[in-house]
Amino acid sequence: MDKIVYRRSLAFWKAMGSLMFVLICLFLLLLIFIDEDISALQIFFFITSAIVGLPFFGSYLVVCLSRMLRKDTYLFIFDEHSISDGIRTVPWAAITKVEFEGASIRKWLRPRFPAFIFHLNDRSTWEVSTDYVLNDMELNQAGKQLRTLINQHGKPKKKRS
């Protein structure tokens with residue numbers, strides 16, 4: 001079985017960056033109670049920064065830590081018959097195409113992580129989040145590799161008569 005893997009060190013350093021921003025947000029909240037010469041505008045700025053920063057960077061910290069602590073470091077594992085993300089396994093013949101969707105922000109400022117979206121024959125989709133654990137070059141390589149695999153294994157060969 002072949003794999004599309006990520007580097008655990010990349011997940012570690014991204015988790016450390018997120019932890020730094022979470023700590024800064026907590027420090028801003030603490031500063032409101034410690035500093036006696038703080039203005040109302042600064043209080044508003046600090047609270048707003050913490051309200052936006054804690055869910056945004058905190059959720060990414062949790063995702064990166066979970067990726068870093070996993071035993072296996074693969075996004076996908078596949079063979080000539082199927083592909084799996086460790087949760088769901090889909091045969092190649094059931095996949096019509098794959099797309100990459102970049103990051104965005106959802107309701108209540110919750111981040112939506114980049115993901116590969118597999119379009120299946122039954123018109124449903126299967127979404128596999130990359131959680132930012134691949135860099136741009138690795139994302140492009142993985143996308144090309146997945147498209148090639150779908151073309152090789154997914155589409156039934158037409159018989160010539």
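**Exercise 1. Rings that pair**

How many aromatic pairs does the count come to by the ring rule?

Before we start, two notes on the model. This is a predicted model, in which local features need pLDDT of at least 70 and side-chain atom pairs count only at pLDDT 80 or more, while totals for chains, interfaces and linings use all residues. Residues are numbered from 1 along each chain as its sequence is written, and side-chain values use heavy atoms, with hydrogens and water left out.

*Solution.* 

Step 1: Learn the rule. Rings of Phe, Tyr and Trp (its six-membered ring) pair if their centres lie within 6.5 Å; planes under 30 degrees apart count as stacked, over 60 as edge-to-face and the rest as tilted.

Step 2: Apply the rule. The count comes to twelve aromatic pairs.

Step 3: Try the rule on one pair. The planes of Phe78 and Trp92 stand at 75° with the ring centres 6.2 Å apart, so this pair is edge-to-face.

Step 4: Phe78 sits in strand β2 and Trp92 in the loop between β4 (89–91) and β5 (95–101), 14 residues apart, so the pair links distant parts of the chain. Strands (E, at least two residues) and helices (H or I, at least four) are DSSP runs, numbered from the N terminus.

Step 5: Look for a group. Phe76, Phe100, Phe116, Phe118 and Trp126 are linked into a cluster by ring pairs.

**Exercise 2. Buried or exposed?**

Decide whether Phe78, Trp92 and Arg123 are buried or exposed.

*Solution.* 

Step 1: Take the cut-offs. Buried means under 20% relative accessible area, exposed over 50%, and partly exposed in between (1.4 Å probe, protein chains only).

Step 2: Compare the values. Phe78 has a relative accessible area of 3%, so Phe78 is buried. Trp92 is at 0%, so Trp92 is buried as well. Arg123 is at 80%, so Arg123 counts as exposed.

Step 3: Check the backbone of Arg123. Arg123 lies in the loop between β8 (115–120) and β9, and its phi is near 70°, a positive value in a residue other than glycine. Most residues other than glycine have a negative phi.

**Exercise 3. A helix with a kink**

What span does helix α2 reach, and where is its kink?

*Solution.* 

Step 1: Work out the expected span, which is 1.5 Å times one less than the number of residues. Helix α2 (residues 40–69) has 30 residues, and the expected value is 44 Å.

Step 2: Compare. From its first C-alpha to its last, α2 reaches 42 Å, close to the expected value.

Step 3: Find the kink. The bend at a residue is the angle between axes fitted to the seven residues ending there and the seven starting there. In α2, a kink of about 30° lies at Gly53, shortly before Pro55.

Step 4: Note the buried residues of α2, among them Phe46, Gly53, Tyr60 and Met68.

**Exercise 4. The largest pocket**

Which residues line the largest pocket, and how do they divide by type?

*Solution.* 

Step 1: Define a pocket. On a 1 Å grid over the protein atoms alone, a pocket is an open set of points where a 1.4 Å probe fits, with protein on both sides within 12 Å along at least five of seven lines; lining residues have an atom within 4 Å of a point.

Step 2: List the lining. It includes Arg67, Arg70, Lys71, Asp72, Tyr74 and Glu127.

Step 3: Sort the residues. Ala, Val, Leu, Ile, Met, Phe, Trp, Tyr, Cys and Pro count as nonpolar, Asp, Glu, Lys and Arg as charged, and the others, Gly among them, as polar. The lining has four nonpolar, two polar and six charged residues.

Step 4: Find the suppliers. β2 (74–78) and β9 (125–129) each give at least two lining residues, and β9 has the largest share with three.
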